[in-house]
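Here's a quick briefing to read alongside the coordinates. Have the viewer open and follow along.

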Amino acid sequence: KEKYRYRVVDIKTGTTKVKFYYYPELFGWGPAIGINETTGMVLCIDDLIPTKKYSTGNFTSMAVAFMMLDCGDLKIVDQIMDRLRSVDGLKLEGGYAIHMAQADEEKPVMRSAECIYDRFEYIEPVVSAGRNIIAQSNCPINEDLKFMASAAVPEKGKWNFNDVRLYVEMRERRIRMLRQAKETKWLKKSAQNSVEAGLKLLALPEGDVNEYIDAKGKIHKYFTGLPSRWVLAHFSCFVGKKKLYYQIGKFLPKPIKGKEYSIKYRGDYAFKGKNVNAVAIEELMAYKKRTSEKA
């Protein structure tokens, strides 16, 4: 009970049924998911890692997200966003990307909103072969908001190696997520099979594998998606015409004796990452060259 602190909460108010994840740090760092079963809307949240903490904010991003989930209608969400933009001095604690999808009679709808401090901006999906894909990876996609994230190229000042590697890791992770979304063949499956395919894909820790080389030239495997006793649950859904189907579940790798929360490196994994350390060095050298030329 103490080792796994997530809870799924069901709320019914009148004719509206809402289900969401609860955990002790709900208003702190971390992602969350929610489902409005009455309206067929789902909502997921990613942390955008702002460069600084806004300590005097008078609204939380989680509260905004729950308002959106409670109304359960993307048309009303548009009104909420317009209202938030119009409130003078309103700022948010932290920064989040709020991803939404809703079943509809004619065509399902999907969009993201990036919320940082006093900015509320929609992000359009990537369109590939008629499919809408959102691949947020914990840093802003909106060009006007990128400078607010720690995983971004700084406009001025020094860029240390750890920050460069974080930037590269987030960028490469988004590239891998887009590849996975484009190449996974779940659209040819039934709703149930599509959801299970998505669930297994999300749960594969190999999807966030990278390599780096230390000062002695030794190669290490770097797992950004390392499973742990805290974060083993995943959420996958199918949103279509008048249809919402979803699963919340766990798919774990084969346990290693004595290291049950570790995973083995798979060299043949189709979506394995690049050598983050080497790419970060290249990015850092290019940055130094650009800044020296400007000076």
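Below is a short tour, going from the overall picture to the sheet, its helices and the aromatic side chains.

Keep in mind that this is a predicted model. The protein chain has five helices and 15 strands. Of its 295 residues, 40% are buried.

**Whole chain**
- The accessible surface of the protein chain comes to about 17,100 Å², and carbon and sulfur atoms own 53% of that.
- Take the contacts with a separation of 6 or more: 64% of them are between residues 24 or more positions apart.

**The seven-stranded sheet**
- Seven strands make up an open sheet, in the order S1-S2-S3-S4-S7-S8-S9, and the pairing is antiparallel.
- Its edges are strand S1 (7-13) and strand S9 (119-123), each of which pairs on one side only.
- On average, neighbouring strands here are turned by 20 degrees against each other, if you ignore direction.
- For a zoomed-in view, look at strand S2 (residues 16-22) and strand S3 (residues 32-36), which run antiparallel and are joined by three bridges.
- Phenylalanine 20 has glycine 34 in S3 as its bridge partner.

**Helices on the sheet**
- Helix H1 (residues 61-71) packs on the sheet and touches S1, S2, S3, strand S4 (41-47), strand S7 (95-102) and strand S8 (109-116).
- The direction of H1 makes about 10 degrees with that of S7.
- Helix H2 (residues 74-86) lies across S4, S7, S8 and S9, and runs at about 145 degrees to S9.

**Aromatic pairs**
- With ring centres within 6.5 Å as the cut-off, you get four aromatic pairs.
- Tryptophan 159 is in the loop between strand S11 (131-133) and helix H3 (161-183), while tyrosine 287 is in helix H5 (residues 276-294), so the pair ties together parts 128 residues apart in sequence.
- Both tryptophan 159 and tyrosine 287 are buried.

**Charges over a ring**
- Which arginine has its charged end over the ring of tyrosine 122, 4.7 Å from the centre? That's arginine 111.
- Arginine 85 also lies over the face of tyrosine 122, at 5.9 Å from the ring centre.

Definitions and conventions:
Residues are numbered from 1 along each chain as its sequence is written. This is a predicted model: local features need pLDDT of at least 70, side-chain atom pairs count only at pLDDT 80 or more; totals for chains, interfaces and linings use all residues. Side-chain values use heavy atoms; hydrogens and water are left out. Rings of Phe, Tyr and Trp (its six-membered ring) pair if their centres lie within 6.5 Å; planes under 30 degrees apart count as stacked, over 60 as edge-to-face and the rest as tilted. Helices (H or I, at least four residues) and strands (E, at least two) are DSSP runs, numbered from the N terminus. Buried means under 20% relative accessible area, exposed over 50%, partly exposed in between (1.4 Å probe, protein chains only). A charge sits over a ring if NZ of Lys or CZ of Arg is within 6 Å of the ring centre and within 35 degrees of the ring normal. Two strands pair if DSSP finds at least two bridges between them. Axes are lines fitted to C-alpha atoms, for helices over the stretch in contact, and angles run from 0 to 180 degrees between N-to-C directions. Contact means heavy atoms within 4.5 Å. Accessible areas come from the Shrake-Rupley method with a 1.4 Å probe; for residues, only the protein chains shown count as cover.
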